[in-house]
Amino acid sequence: MTSELITDIGELSTFADHENRRAKAALVIENGRIAWIGDAEHPPVADVRTSVGGRAVLPGWVDSHSHLVFAGDRSAEFEARMAGTKYAAGGIATTVNATRAATDAQLESNLRALRDEARAQGTTFLETKTGYGLDVETERRSAEIASRGADVVTFLGAHLVPEGISARDYLDLVTGPMLAAVTPWVSFIDVFCERGAFDVEQSREVLLAGRAAGLGLRVHGNQLGHGGGVALAVELGAASVDHCNYLSPADFDALAGSDTVATVLPACDLSTREPLAPARALLDAGVTVAIATNCNPGTSYTTSMQFCIATAVLQMHLTVEEAVRAATRGGARALGRDSGADAVGSLRVGGRADLQVLDAPSISHIAYRPGVPLTAATWLLGQRVPPAVTRVAGAAF
Ligand SMILES: N=CN[C@@H](CCC(=O)O)C(=O)O
Ligand SMILES: [Zn+2]
C-alpha cells in the first residue's frame, strides 16, 4: 500500500489527548491510518510526498447532529420566522408529509447531496437521524437510507406525535414495532423532550426502550424553554444532550458532574432566534461541549461546520481552539467515538486518517474570515476525497 507524506504544514491541529496545535510538523498516511506524526525536518521515507504549501491541517469535522432524511422545503416558514413568527415543534409535520410522499430514491439522493456538500466543506464523519417518517414503514426506510449515507444513524421516532394517533398509542408504536423495525440500521435512540413534543416521563419511556434494545441514548433538550431534558439525559447517562439553550444552575451542575456531552447548535439558535446556548459558561463549568450543524429543513438548513464554529467564536465567546476542538473531538465524544481503534475527531498515530487542509495558514481563519469556505482538500480514511466534492482554491497542491 502506498504511503503519503503530508508536509509543509503551516500548523497541525491534532486534538490528540491534551494537545491542540503544533508547528513544523508533518505526517504520514498509510493503509487509511496515520502512520507517523513528527518533525517536518526528519520525516520517514514515503512513496508519495504532498506539500500543502504552508496551509493548516486538522481533523475532518465530526458533525454529530443532523436530520438529513427528508423531502420538501420550509423556506416560507423560515421567512415568516424572520418576520417575527416564533418557531414551534409543530413545523416538523410539514416535513413529515413531504417525506412520507417521497420515494426512496428521492430521499437517498437528497441525503447524498447534503452529505457531499458537507464533505466538500471538511466533514468526514456524520451522524444523521430518522424522525420525519413517524410511521413504522417510513421510519424503517429512513433508517435504512440513512445507513447508506451517514456514519452513525439515530432513531428519532419520538420527534413529534403525528396527526391521527393518541400520544399513548404513538408511544407504544415507537417503543414497540417501530423500534424493532429500525434496530438493524441504528445505533442510538433520541427523543425531542420539549413542550409540544414529548414530556419527561414520555421521553424516559422512549429512552429506556431504546436502551433495552441495545442502543445508545441522545436527547434533544432545553431548546425552546427550561425543561427536564438535560436532567433526564444526565440521569440516564446519555452520550449527548443537544440544544441546551435554556439551562438552570442545576442543569449546569448535573452536566459538569457527568459524562454527557452538551452539544450546541449555533446555526439553529440563529435560525430560530432562540438565545445562543451558553457554550462559554458550559466550558467554564467543566462540561464537554460539541458543536454540530443540526442540518434540517426546519431550524438549521446548513451543512457548514465552519459557519457554526465561526458563530461559536464570534458570538458564543469560545476561543478558536475550543470551538475547533468541539467540532472535531467534541463531536466524536458525543458519538462515543473519541477513543479506541475507531476513534475519529483527532489525529494520532494508528488512528483514522480523516483530515482536511484549509486554504489558510491557521485555524483562526475560520472565524477571522467568516463565511468563506476554507476547506481546500479532504482525506477520508487516507483517501483523498475526489475533487468533484472538494473545493480547491488558491495554488494547486
Ligand atoms: N428540535 C427538534 N428537531 C429539529 C427540528 C425539526 C424541524 O423543525 O423540522 C431540531 O433539532 O431543531
Ligand atoms: Zn435536531
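Analyst: **Around glycine 298**

Setting aside neighbours within four places in sequence, glycine 298 is in contact (heavy atoms within 4.5 Å) with Arg74, Glu77 and Arg81. Keep in mind that this is a predicted model, with local features needing pLDDT of at least 70 and side-chain atom pairs pLDDT 80 or more, while totals for chains, interfaces and linings use all residues. Residues count from 1 along each chain as written, chains are lettered from A and ligands numbered from 1 in written order, and side-chain values use heavy atoms, without hydrogens or water.

Glycine 298 sits in the loop between S15 and H11; strands (E, at least two residues) and helices (H or I, at least four) are DSSP runs numbered from the N terminus. Its relative accessibility is 5%, so glycine 298 counts as buried (under 20%; exposed is over 50%, partly exposed in between, with a 1.4 Å probe and protein chains only).

UniProt's unreviewed entry puts a "binding site" at Tyr132, Asn296 and Gly298, though such annotations may be inferred. These residues span 167 residues of sequence, yet they cluster in space, with a largest C-alpha distance of 11.0 Å.

Asparagine 296 belongs to the loop between S15 and H11 too, and at 3% relative accessibility asparagine 296 is buried. Leaving out residues up to four places away in sequence, Asn296 touches His67, Tyr132 and Tyr301.

His67 leads us to the metal. The zinc ion (ligand 2) has His65 (NE2), His67 (NE2), His220 (NE2) and Asn294 (OD1) as protein donors, 2.0 to 2.6 Å away; donors are N, O or S atoms within 2.8 Å (3.2 Å for Na, K and Ca). His65 lies in the loop between S8 (61-63) and H1 (75-82) and Asn294 in the loop between S15 (289-291) and H11 (305-314), so this pair ties together parts 229 residues apart in sequence. Histidine 65 is buried at 0% relative accessibility, and asparagine 294 is buried at 1%.

Now for the tyrosines. Ring pairs (centres within 6.5 Å; planes under 30 degrees apart are stacked, over 60 edge-to-face, the rest tilted) join Phe70, Tyr132 and Tyr301 into a cluster. The whole structure holds two aromatic pairs. Phe70 is buried at 1%, and Tyr132 is buried at 2%. Phe70 also pairs edge-to-face with Tyr301, at 5.8 Å and 75 degrees. That pair spans 231 residues, from the loop between S8 and H1 to the loop between S15 and H11. Tyr301 is partly exposed, at 49%.

Conventions
Phe/Tyr/Trp six-rings, centres within 6.5 Å; stacked < 30°, edge-to-face > 60°.
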